[in-house]
Amino acid sequence: MDMKPLRPLLAINPMAKYLSLNILAVFFLLTGCNNVPYGNNPQAGKYYNIRGFKMYCEIYGSGKPLLMIHGNNGSISTFKGSIPYFAEKYKVIIADSRAQGKSRDDKDSLSFEMMADDYAALLDSLHIDSAYVIGWSDGGINGLLLAMRHPDKVKMLASSGANLWPDSTAIDPKEWKEEKTTYNKSKGIVNKSIKARNERKLFLLDWDQPHIALALLHKIQCPVLVIGGDHDIIRQQHTQLIYRNIPKANLWIVPHSGHGTLFEHRRKFNSNIDGFFSNPYQSANKY
């Protein structure tokens, strides 16, 4: 394993270690930049026929193409605090991932590889050869796989809160045990409604996946900013492992942050990623 030294870490004003998704939603509404209905904006949105389903996508701004990828059971609105910032200088492309948001997909199977291929196909549909990419949580995993499976599609990648495998060496043991309890209780239950089956499919996605070997990270040739909170549900050692196995990687462990780096430290999240994208990769820098 390439044991590269850790880059110096940035200091950020303290916040609580963890914020629940509901608290994050309220926090974000209070700190959001505008009232644009991201995720439900007919002026910016369109459906694209992508690999057997209709993928809903919205586009904002102009300039260099920038693809944003949300997390599990999320949607375009996840990035409502980042879209207006980046749309000032980028063409921001943001879609609802397969089986999430408005991108309905009632099939039984779902995988990160499938979704990474969806995003490559979306860029093809938009006639975009390559793009900058920001992925958070499951979107961070999708970003890594997109860079592995379709290296020509990714100029630079910022991946926040990603993991390579689904066990307690990657995920906080307490959180993993809670998910295991949920999994055990749900075994044998027949989900009759389409909504319940879809929710089960999304739960199993994170329970059973991903399965990314460290050697595969060596194939990523684009510069990558690997991001994690210092109190993330993804263990810090695991985030560092991802960083150390990507040839052109920088590491940013966000102080006083849980998993929701893009919510809890929105301004720093946006400005630091923009700074990373705006400068050539260096073997050692401020991150």
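Modeller: What follows is a close look at the sheet, then at its surroundings.

This is a predicted model, in which local features need pLDDT of at least 70, side-chain atom pairs count only at pLDDT 80 or more, and totals for chains, interfaces and linings use all residues. Residues are numbered from 1 along each chain as its sequence is written, and side-chain values use heavy atoms, with hydrogens and water left out.

The sheet is open and has eight strands, in the order β1-β2-β4-β3-β5-β6-β7-β8. Its pairing is mixed. Two strands pair if DSSP finds at least two bridges between them. Strands and helices are DSSP runs numbered from the N terminus: E over at least two residues for strands, H or I over at least four for helices. The edges are β1 (45-50) and β8 (249-254); each has a single partner strand, so one side of each lacks a neighbour in the sheet. On average, neighbouring strands are turned by 20 degrees against each other, direction ignored. Axes are lines fitted to C-alpha atoms, for helices over the stretch in contact, and angles between N-to-C directions run from 0 to 180 degrees.

Take β3 and β5 next. Strand β3 (residues 64-69) and strand β5 (residues 131-136) run parallel, joined by four bridges. Met68 has Ile134 of β5 as its bridge partner. Two helices pack on the sheet. Helix α8 (residues 236-244) touches β7 (224-229) and β8. The direction of α8 makes about 160 degrees with that of β8. Helix α10 (residues 266-278) touches β3, β4 (90-95), β5, β6 (154-160), β7 and β8. The direction of α10 makes about 150 degrees with that of β6. Contact here means heavy atoms within 4.5 Å.

β7 and β8 pair in the parallel sense, over six bridges. Leu225 has Asn250 of β8 as its bridge partner. Six of the six residues of β8 are buried. Buried means under 20% relative accessible area, exposed over 50%, and partly exposed in between, with a 1.4 Å probe and protein chains only. In a regular strand, side chains alternate between the two faces of the sheet. Both faces of β8 are covered. Ala249, Leu251 and Ile253 are buried on one side, and Asn250, Trp252 and Val254 on the other.

Strand β6 holds Ser159. Ser159 counts as buried because its relative accessibility is 4%. Leaving out residues up to four places away in sequence, Ser159 touches Gly135, Gly140, Leu144, Leu225, Val226 and Ile227.

Ile59 is partly exposed, with a relative accessible area of 24%. Ile59 and Lys91 are 32 residues apart along the chain, yet their C-alpha atoms are separated by 6.9 Å. Beyond residues up to four places away in sequence, Ile59 touches Ala44, Tyr48, Lys91, Val92, Ile93 and Leu126.

Some loops deserve a check. Arg51 lies in the loop between β1 and β2 (53-60). Its phi is near 50 degrees, a positive value in a residue other than glycine. Arg51 counts as partly exposed, at 41% relative accessibility. Ser137 is in the loop between β5 and α4 (138-149). Ser137 is not a glycine either, yet has a positive phi of about 60 degrees. Ser137 counts as buried, at 12% relative accessibility.

Arg235 occupies the loop between β7 and α8. Arg235 is partly exposed, at 28% relative accessibility. Leaving aside neighbours within four places in sequence, Arg235 is in contact with Ser168, Thr169, Ala170, Ile171, Asp172 and Pro173. Arg235 and Pro173 are 62 residues apart in sequence and 8.9 Å apart in space, C-alpha to C-alpha.

Helix α5 (residues 173-186) and helix α6 (residues 194-208) pack at an angle of about 135 degrees, with axes 11 Å apart. That makes α5 oblique to α6; angles under 35 degrees count as roughly parallel, over 145 as roughly antiparallel, 65 to 115 as roughly perpendicular and the rest as oblique. In α5, the contact residues are Trp176, Glu179, Lys180, Thr182, Tyr183 and Ser186. They meet Arg200, Phe203, Leu204 and Trp207 in α6. A cis peptide bond joins Gln209 and Pro210, with omega about 0 degrees.
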